[in-house]
Amino acid sequence: MADADVDAKPRGNNLSATKQHPSTNNRGLAFTLATRTTALLILVYSTWELANALTRAPPFLAVWRGASPTGFLSPEGVAHSTSFTGSLVKLLYVTSYAGTLTTLKLTATTSSSSSDGLSRASLETVSATSNCGPSPSWVTLDTRHSLLFCADEGLGRPTGFVTSYETSSGGVLVLLDRIEVLAGAVAITPYGRELLYLSISVSGGSPQRRTGELELVQNETYALAHPPGPDPVRQEAPHPHDAIVDPTGQYLLVPDLGADLVRVFKLDRRGRAATRTPLPPVVASPGSGPRHGAFVRVPTTAPDGRSRSRTFFYLVSELANTITGYEVVYHGEGEGTGKLDFDEQFTIGTHGEGEPVPEGAAVAEIQVTPDGRFLIVSSRNESSSNIPHVERSRSNNGDSNDNIGGTPSDSLISFRIHQTTGLLTKLQEFPAGGLIPRHFSVSADGSLVAVGLQGDGRVVVISRNLETGKLEDYIAYADVEGEVTAVIFDE
């Protein structure tokens, strides 16, 4: 259950008025910026209204890791095959501490004449820009409006940046706007009516030119209400590490590694910037260090025979290397009460229940697959396995290159989600393709996983079996200058 707030009230709250734009068809879209420092920022950017009504997708088996570009992902249309077939071209965006935001193009073809159906795969650089800032740490998309946002962490400086770009089908990014923010940005999560609520009906007028303008509208700074946590080095102050919107789009969760809390906020959907009201936080185990989280909603049948759903939230804690599962119970929905509880169901190690975690390991990312049936986490600082022989990976120039085979690797750990209880069953440990898999992304159809390897300056793409949930083979990789911090598919 969410316990009483044991942290201090915000030390400061700087709320400025949002800009007024000349066109009434321009709407505001807010997003939250989580930082390694003690702050949680709210920004707003200007975008264009949709010209068509959007219908709400089915609520079952929908997955949320923050806010997806369409508000949530639906399993409809996801083929449960072993992997992709035919020809495939995908764009990926990659941030690196070298100061670059890079676009990669994945090209793959399949052939019945090859042993596993894959005849060729390549991952090559399309473009790169250095105007996100000196230390880019996170990237996220608003695909409906062809917008991309990049966060600069501001390493060694008091401030960082958030930069907006217009995307293109060829992968070239056009700079739109840039705003200075407090240093330490490690996650961006968009939210607001235009992004999260799919049942939007727009009447009259035509689409307006989008500006991508950014404006800081809220900045909250937190302080500990108690002495530093059990880890005085990492928990000397609050460290908001992520921002996750729940499946209803009404709540925002912020795991705080320094305070051992998951801060919970009620979102006001009526406001342009979706203002937030703090609720009692989820109190994590002392010294656990909450880092990232993901939601899943699974179908069930009520005693009266009607279809219902259960919502689960999975939290990874970096310092304890644990996964904690909560059932999320909503109260008073539709009545404006805005109350919800988090009933803890289990806590297991990141390598599975009852299994040891390698000494020095540090969990990084967590994602639920688009079909809602599986969960994947990445674990750093292990060097627990070696990468097997890589037969079909291609280097940036397209030539065969097996040079990552046999090198040390950290792990990706996959779990099956029980579709009634939400409990996790470990399926597999798979070499991540190198060291320090700080971030990874699952493709929209679930057939591919792109891994950003901070320790090796590399992006690796791994095929995934949709039926079994297991990772299967390395299909392509590319070297990226510097320490890779995030990688996402352009979907």
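This is a predicted model: local features need pLDDT of at least 70, side-chain atom pairs count only at pLDDT 80 or more; totals for chains, interfaces and linings use all residues.

**Labels and cut-offs**

Me: What makes the link between the side chains of Asp371 and Thr369 a polar contact?

Reply: The two side chains come to 2.7 Å. A polar contact is a pair of N or O atoms within 3.5 Å; within protein, one must be able to donate a hydrogen and the other to accept it, and residues adjacent in sequence count only if both atoms are side-chain atoms. Residues are numbered from 1 along each chain as its sequence is written, and side-chain values use heavy atoms, with hydrogens and water left out.

Me: Where is Asp371, and why is it called buried?

Reply: Asp371 is in the loop between strand S23 (362–368) and strand S24 (374–380); strands are DSSP runs (E, at least two residues), numbered from the N terminus. Its relative accessibility is 5%, and buried means under 20% relative accessible area (1.4 Å probe, protein chains only). So buried it is.

Me: What makes Tyr326 and Phe342 an edge-to-face pair?

Reply: Their centres are 6.2 Å apart, with 90° between the planes. Rings of Phe, Tyr and Trp (its six-membered ring) pair if their centres lie within 6.5 Å; planes under 30 degrees apart count as stacked, over 60 as edge-to-face and the rest as tilted. Tyr326 is in strand S21 (residues 322–331) and Phe342 in strand S22 (residues 339–349), so the pair ties together parts 16 residues apart in sequence. Both residues are buried.

Me: And why is the pair of Phe430 and Tyr474 called tilted?

Reply: Here the centres are 5.4 Å apart and the planes are at 45°, so the pair counts as tilted. Phe430 sits in strand S28 (residues 424–431) and Tyr474 in strand S32, so this pair ties together parts 44 residues apart in sequence. Phe430 and Tyr474 are buried too.

Me: How do you know that Arg178 sits over the ring of Phe161?

Reply: The charged end of Arg178 is 3.7 Å from the ring centre. The rule asks for NZ of Lys or CZ of Arg within 6 Å of the ring centre and within 35 degrees of the ring normal. On distance, 3.7 Å passes. Arg263 likewise lies over the face of Tyr222, at 4.0 Å from the ring centre.

Methods:
Helices (H or I, at least four residues) and strands (E, at least two) are DSSP runs, numbered from the N terminus. Buried means under 20% relative accessible area, exposed over 50%, partly exposed in between (1.4 Å probe, protein chains only).
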